[in-house]
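User: I'd like to learn how to read a few features of a protein model. Could you take me through them one at a time?

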Amino acid sequence: MDQAPVPLPSDSSSEVERARQEVARARSITVLSGAGISTSTGIPDFRGPNGVWTRDPEAEKMAHIRYYLDDPAVRRRSWANRLSSPIWSATPSAAHVAVADLAAAGQLRAVITQNIDGLHQKAGLDPALVVEIHGSAHTVVCWSCGASTSTEQALARVRAGEEDPACRVCGGILKTATISFGQNLDVGVLERATRAAAECDVMLAVGSSLTVHPAAALVPWAVKNGATVVIVNGEPTPYDHLAAAVVRQSIDEVLPRIVAAATGDAMGDAGRAPGEGGGGR
Ligand code: NAD
């Protein structure tokens, strides 16, 4: 059977224009990014048409922290998956570069990202501007003593034959510093995210199904605090009705055009030579 077509907003070119206008007049933009901003780099999302969980709904269950802590077989599989993850070699997309351009133009309040891939920072964004609400895959933490080390070091041990490397300080279980189902968000990080959502005049939500809470609730929170919302995502989200503009197009294609209205780059990334960055980095 054919897949149901994605419903497009009534006139997508006027939605892009509206998004451009909102971004152009914003003094302070908070970007809320999700897995969709990274799919073009080779890192799949979870719930998009080719998402990891769309293709294998069982995998979603295994994302619960209790399976990881209770079952050594789940940990061994997780380490093997990490070893072959595209995250380590991914390079930032045109959309990550466009977000970094907003910072260079002085308009970025913060990026709240649900992503754990570190690609906003790799695109040149000051790490101080990035709020990793679901943590980072680049660090591992011991579940018992809290000691942390780089994921690269832990993966080197897996490559050398340790299928489930234990903490070198106390022998406890190591896990990437990411938030699994069943884990609480870091209170300080959530506080920073809540502030960044409340203190912007435009929230630009990019590449998120806006179904994971509390991250998704930052959209109505921003609206409640007076922000205008622009949503750029290939599929409908539960908060489209709150947005001043809803752009359902390829993120890499459209975000540089939207952001160009703010950065003064009339051509967006389309006007750049291949390999050229943006915004003075
Ligand atoms: P999600 O998988 O729930 O939704 C992604 C959305 O992006 C989908 O609606 C999809 O249609 C859209 N999308 C994907 N590629 C697109 C493109 N090129 N152009 C336009 N739209 C596109 O992602 P989420 O809302 O971020 O929530 C998933 C959770 O999974 C988050 O907690 C996140 O931490 C985690 N995750 C992170 C990564 C990463 O770090 N790159 C990857 C997968 C999952």
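User: What share of the residues of the protein chain count as buried?

Analyst: Of the 281 residues, 45% count as buried, where buried means under 20% relative accessible area, exposed over 50% and partly exposed in between, with a 1.4 Å probe and protein chains only. Keep in mind that this is a predicted model: local features need pLDDT of at least 70, side-chain atom pairs count only at pLDDT 80 or more, and totals for chains, interfaces and linings use all residues. Residues are numbered from 1 along each chain as its sequence is written, and side-chain values use heavy atoms, with hydrogens and water left out.

User: How many helices and strands does the protein chain have?

Analyst: There are 11 helices and nine strands; these are DSSP runs numbered from the N terminus (helices H or I, at least four residues; strands E, at least two). Of the contacts between residues at least 6 apart in sequence, 69% join residues at least 24 apart, a contact being heavy atoms within 4.5 Å.

User: How do I read aromatic pairs?

Analyst: A pair of aromatic rings is described by the distance of the centres and the angle of the planes. Rings of Phe, Tyr and Trp (its six-membered ring) pair if their centres lie within 6.5 Å; planes under 30 degrees apart count as stacked, over 60 as edge-to-face and the rest as tilted. Searching the whole structure gives two aromatic pairs. Phe-46 and Trp-53 have ring centres 3.9 Å apart and planes at 20°, so they are stacked. Trp-53 and Phe-181 have ring centres 5.8 Å apart and planes at 35°, so that pair is tilted.

User: Is Trp-53 buried or exposed?

Analyst: Trp-53 counts as buried, at 9% relative accessibility. Its cluster partners, linked by ring pairs, are partly exposed: Phe-46 at 39% and Phe-181 at 33%.

User: And which ring does the charged end of Arg-82 sit over?

Analyst: That of Trp-79, 4.3 Å from the ring centre. The criterion is NZ of Lys or CZ of Arg within 6 Å of the ring centre and within 35 degrees of the ring normal. Likewise, the charged end of Arg-66 sits over the ring of Tyr-67, 5.1 Å from its centre.

User: How should I read helix packing?

Analyst: Two packed helices are described by the angle between their axes and the distance between the axes. The axes are lines fitted to C-alpha atoms, for helices over the stretch in contact, and angles run from 0 to 180 degrees between N-to-C directions. Helix H6 (residues 94-104) packs with helix H11 (residues 251-263) at about 15°, their axes 8 Å apart. H6 is therefore roughly parallel to H11; angles under 35 degrees count as roughly parallel, over 145 as roughly antiparallel, 65 to 115 as roughly perpendicular and the rest as oblique. Helix H5 (residues 72-83) and helix H8 (residues 151-159) have axes that come within 10 Å and cross at roughly 105°, so these two are roughly perpendicular. Trp-79 and Arg-82 are among the H5 residues that meet H8.

User: What about backbone geometry?

Analyst: Most residues other than glycine have a negative phi, and most peptide bonds are trans. Here, Leu-210 has a positive phi of about 50°, and His-213 and Pro-214 are joined by a cis peptide bond with omega about 10°. At 1% relative accessibility, Leu-210 counts as buried.
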